[in-house]
Structure formats: C-alpha cells, structure tokens
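Subject: Structure handover

Hello,

Here is the structure for you to look through. Please keep it open while you read the notes that come after it.

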Amino acid sequence: MSTYLTQVWAIVWKDLLLEIRSRERIAAMGAFAVLAGVLFNFSIDTTTTRPENVAAGLIWMTLVFGGLLGVGRTFHLEAQDGAFQGVLMSPAPKDAVFLAKTTANFALLYAVSLLVLGVFSLFFGLDLGQNLGWVVFVLGLGSLGFVALGTLFAAVSVGTSMGETLLPVLVFPLLVPMVIYGVGTTTRLIDGRPFNEVEGNVRMLGAFALAALAAGAVLFRFVVED
Amino acid sequence: MTVGMSAAADILGVDGADHLDLDRSGGAVLQARGLCREYGTVIAVDGIDLSMAEGEFLTIFGPNGAGKSTLLGMLAGAMRPTAGSVSVRGQALSSSDTDWRHRIGMLSHKGFLYGRLTVEENLRFYGKLFGLTDLDERIPARLEQVGLTRRIRFEARQLSHGMRQRLSLARALLHDPDVVLLDEPYTGLDPSAASVLRNVLDELKDGRRTVVMVTHNLREGLEMATRVAVQVAGRFAWEGDNTGLGRQDFERHYHDVVEGLP
C-alpha cells in the first residue's frame with residue numbers, strides 16, 4: 001500500500017475505533033433518526049396524505065439534521081489533548097487527512113441513513129420493491145456529498161467562537177442542490193418509477209458529491225493551517 | 001546589548017550576544033532568520049535569528065508571555081511566521097513539501113494523544129502517519145526507553161500525567177527526528193517522573209540530534225544545555241554557550257536580564 005493510502009487508512013481506522021469505543025456520535029445520530037421517524041409518523045394524517053408522497057422529503061431532512069449532529073462533532077474528539085495538531089504536524093498531506101475524515105464520517109452517516117430508511121419504511125409502510133437497491137445507492141451518494149461539505153465546514157466552525165452552532169448556517173445553503181435532486185429521485189423510486197426516469201438526477205447527485213469532495217480536498221489545507 | 005545583559009555576561013564569563021546567530025550556519029541543522037509572529041497588534045516573536053548545529057542543545061528561559069511557545073511552534077512548522085523563515089538541514093519549512101516534517105519531533109504542552117486509544121495504538125497511529133514500516137520493533141524500543149513497556153495495553157486516558165508525558169515523548173521521538181523541540185516538558189511532573197524524563201533527554205544528547213527546550217526549570221534546563229538563551233518580549237535578550245553556568249549565578253542574572261528590560 002502506498003504511503004498516502006496508509007496515512008488515509010490510519011486516520012479512518014483511528015476515527016472508527018474511537019467511535020466504536022465512545023459511541024458518542026453514532027448513538028446521537030441513531031437516536032435522532034428513530035425519534036424523528038416516530039414523530040413524523042404521528043405528524044402525518046394518512047387519510048389525506050399518501051405517505052409515499054412525503055416520505056422521501058422526511059427521510060432526507062432526517063438525514064441532514066441527524067448527520068449534522070455527528071459531522072459537527074468530527075473535530076471535538078481531535079481537540080482533546082491537541083491530538084489534531086499532532087496529525088497536522090505529521091507528514092500526512094492535508095488532502096489525505098480530509099479524505100480520511102470524510103471517509104470515516106461517510107461510514108457513520110451511511111449506516112445511519114440505512115437506519116433512517118428502515119425506520120421510515122416501517123412507520124410509513126413503504127414498499128420499495130425492486131427499487132430498494134437504487135434507493136440505498138442514492139442515499140449513499142447523498143451521504144457522500146453531505147459529509148464532504150460537512151467535514152470541511154466542521155473544520156471551519158470548530159475554530160470559531162460559535163463552534164457547532166455555526167455549522168448549519170454554513171452548510172445548509174450549499175446542500176440545497178443535494179436536497180432537491182435527492183428528494184426528487186427518492187420520491188420517484190419510492191413510487192415505483194423505473195430507474196431510467198431518475199438517471200439524470202442520480203448523475204447530478206454524483207457530480208455534487210464529487211465536486212464537494214474535490215473542493216474539500218483542495219480547501220481543507222487553508223482551513224486547518226495556522 | 002543592555003547594561004544588565006552585559007553585566008550578566010561578564011559575571012557569568014560566557015559569550016553572550018543579543019541574538020542567537022553565532023555564525024554557525026555552515027553546518028546548521030536548524031536555522032531561523034528574522035522570525036516574527038504577530039497576533040493582531042501583539043508581537044509575540046520579534047525578529048529572532050537562530051542557527052543550531054548537530055548535537056547542540058539549546059535551553060530557552062523566559063517569563064510567561066515572552067513568546068517561547070510561539071517560537072517553538074514556528075520552528076516546528078505548526079505556526080506560520082508573520083515574517084522570516086525556518087529551515088531544517090537547508091530545507092525551508094513550506095506547506096507544499098512535507099519531507100521536513102520527518103526531521104522534527106515536538107513535545108508540546110498538549111500531548112497530541114488520543115485518550116481512548118491504547119499506548120500502542122497511539123504510537124502505531126502516529127507511526128503510520130510518518131510512513132514508518134518497522135513499528136513492531138520500533139514501538140517496544142521507544143516504550144522501553146520511556147519506561148512504559150508494562151502499560152502498552154493501557155488506554156492513554158488511564159495513565160497518570162507523568163506517564164502521558166512520557167508517552168508523548170515516545171510519540172515525538174518515534175520517527176527518530178533530527179530536531180527535537182520540547183515545550184516545558186517538566187511541567188506538572190513529580191520528582192520520579194522528572195527523573196525518568198531527564199534520563200531520556202540525556203539520551204538525546206547523542207551528538208546527532210539538535211534539541212531546543214523551553215522551560216522554567218533552571219536546574220534541569222542548565223544541566224541539559226550546551227547553549228542557553230533568555231527570551232523576553234519576543235526577543236533573545238541574552239544568550240551564550242553553557243560552559244558550566246552555576247544555577248544560582250544564572251538565576252540571579254536571569255532576573256537582572258528580565259527586569260532590566262522595559
């Protein structure tokens with residue numbers, strides 16, 4: 001394995017190991033997902049509203065708000081004992097650090113997004129049928145774009161006096177394209193429409209994720225360097 | 001040089017100068033030129049020149065707020081100077097090329113440790129970031145050096161302050177750096193832990209490492225140093241070779257230097 005990949009993997013491994021031991025973020029995100037599913041279940045009058053019509057929007061909103069709980073704390077464990085400064089003083093390139101943090105966040109958020117899908121499928125009685133795989137794929141693309149932006153801006157916000165409260169203000173406006181394409185795609189897939197009908201939207205989600213990753217990899221250095 | 005500083009140099013019988021640039025740049029391992037760092041209107045480091053050869057051990061004393069930690073931060077490449085430059089073995093500390101990071105090890109106020117990782121996991125993690133491939137041999141050797149072999153499976157948060165400090169030192173030395181920067185390593189250590197640390201620092205004086213240590217501990221600082229500097233208000237107010245400086249004399253004249261400046 002190249003040194004670059006070794007460095008990326010070392011940070012991913014460390015982040016996931018810390019999360020497994022502390023369960024700090026996954027517990028918060030998971031609990032939020034389940035509770036949101038329960039509350040939304042009671043907030044919709046199914047005699048007047050088809051659950052399939054609103055489920056996608058609620059799934060994505062749960063994902064965005066729940067994701068912020070976890071992504072916002074990306075650098076808090078790092079801040080203890082100045083550990084992140086130790087990482088920054090190592091020869092690991094800053095883009096490798098960014099990609100590693102994003103990958104670890106993605107693993108957590110993707111797990112939560114699958115939980116969200118399960119919870120909403122249960123409460124809303126969704127029958128995803130043959131589109132289940134595509135919905136899972138679309139949520140993966142959305143999660144990737146979200147964590148790429150979230151990780152970058154979590155690094156920005158952690159260095160400010162406002163801290164985590166600044167994160168939604170910075171990230172939400174940039175998430176608008178992802179939410180539009182994500183909700184549109186998921187709604188149609190839940191409704192049983194064929195994949196080729198949403199192929200363009202999926203490409204846009206993929207492009208958004210790639211653009212967010214590329215921008216984060218380039219800009220992260222300027223955010224974290226003194 | 002101020003009158004106070006001249007007097008100190010005369011009485012101590014050492015070669016004092018008001019900046020640390022004794023024309024040793026020929027074989028310089030660590031070199032700084034006109035190093036400045038400002039925080040808004042506050043000047044933390046004000047035009048420091050430094051040139052250190054292989055095997056030299058510089059101890060920097062100075063009152064709180066003199067800019068010592070900021071200076072170390074810049075020498076470590078953790079902070080960008082407002083003006084001036086730093087190089088290690090002739091290679092400028094730039095952000096684009098990170099080779100120089102292999103040559104620097106730093107022990108800071110903060111340990112750079114992950115509390116929920118074990119002693120071994122912390123070292124293994126940093127070892128991989130430094131691209132080290134012989135960690136199975138290197139980690140036990142470093143832990144033995146700092147006396148933590150029996151704690152290898154302990155999480156860092158379970159260690160006492162002294163043990164964490166030793167683990168931080170093992171982390172800083174893991175990649176066998178040419179330049180070792182130590183920021184108040186004795187802070188908060190009991191005599192026993194200080195003794196262990198002193199032994200490890202003694203081993204650093206192997207003639208091939210360049211060490212810069214910031215400390216308030218006059219006894220430890222003088223014992224280790226081949227060169228001594230006093231930093232006040234962002235500048236080296238006094239410096240000299242350590243040719244048997246007595247602690248009491250130095251302490252008296254340290255106060256002369258510090259109080260003699262505006």
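Helices (H or I, at least four residues) and strands (E, at least two) are DSSP runs, numbered from the N terminus. Axes are lines fitted to C-alpha atoms, for helices over the stretch in contact, and angles run from 0 to 180 degrees between N-to-C directions. Two residues are in contact if their C-beta atoms, placed from the backbone, lie within 7 Å.

Before going on, note that this is a predicted model: local features need pLDDT of at least 70, side-chain atom pairs count only at pLDDT 80 or more, and totals for chains, interfaces and linings use all residues. Residues are numbered from 1 along each chain as its sequence is written, while chains are lettered from A and ligands numbered from 1 in the order in which they are written.

Two strands pair if DSSP finds at least two bridges between them. Strand S7 (residues 179-183) and strand S8 (residues 210-214) of chain B run parallel and are joined by five bridges. Within this pair, Val179(B) has Thr210(B) in S8(B) as its bridge partner.

Chain B also has an open sheet of four strands, in the order S2-S1-S4-S5, with antiparallel pairing. S2 and strand S5 (91-92) of chain B stand at the edges with a single partner strand each, so one side of each has no neighbour in the sheet. Helix H2 (residues 68-75) of chain B packs on this sheet as well, where it touches S1, S2 and S4 of chain B, and its direction makes about 125 degrees with that of S1(B).

Strand S1 (residues 28-39) and strand S2 (residues 42-53) of chain B run antiparallel, with nine bridges between them. Ala28(B) has Ala53(B) in S2(B) as its bridge partner, and Tyr39(B) has Val42(B). S1(B) and S2(B) form a hairpin with two residues between them, and Gly40(B) in the turn has a positive phi of about 65 degrees. S1(B) is also joined to strand S4 (residues 83-88) of chain B by five bridges, again in an antiparallel run. There, Cys36(B) stands opposite Ala83(B) in S4(B).

**Chain A**

What does the secondary structure of chain A come to? It comes to nine helices and zero strands. The C-alpha trace of chain A spans about 60 × 35 × 30 Å along its principal axes. With 226 residues, a compact globule would have a radius of gyration near 17 Å, and the 18 Å of chain A agrees with that. This radius is taken over C-alpha atoms, and the globule rule is 2.2 Å times the number of residues to the power 0.38.

Helix H7 (residues 132-158) and helix H9 (residues 199-224) of chain A pack at an angle of about 20 degrees, with their axes 8 Å apart. H7(A) is therefore roughly parallel to H9(A). Angles under 35 degrees count as roughly parallel, over 145 as roughly antiparallel, 65 to 115 as roughly perpendicular and the rest as oblique. The residues of the contact of H7(A) with H9(A) divide into 18 nonpolar, five polar and no charged. Ala, Val, Leu, Ile, Met, Phe, Trp, Tyr, Cys and Pro count as nonpolar, Asp, Glu, Lys and Arg as charged, and the others, Gly among them, as polar.

**Where the chains meet**

The contact takes 24 residues from chain A and 25 residues from chain B. On the side of chain B that touches chain A, the largest share, four residues, comes from H3(B). The residues of that side divide into twelve nonpolar, eight polar and five charged.

Helix H1 (residues 3-22) of chain A and helix H3 (residues 119-129) of chain B pack at an angle of about 155 degrees, with their axes 8 Å apart. H1(A) and H3(B) are therefore roughly antiparallel to each other. Thr6(A), Gln7(A), Ala10(A) and Lys14(A) in H1(A) meet Phe125(B), Lys128(B) and Leu129(B) in H3(B). The residues of this contact divide into three nonpolar, two polar and two charged.

Regards
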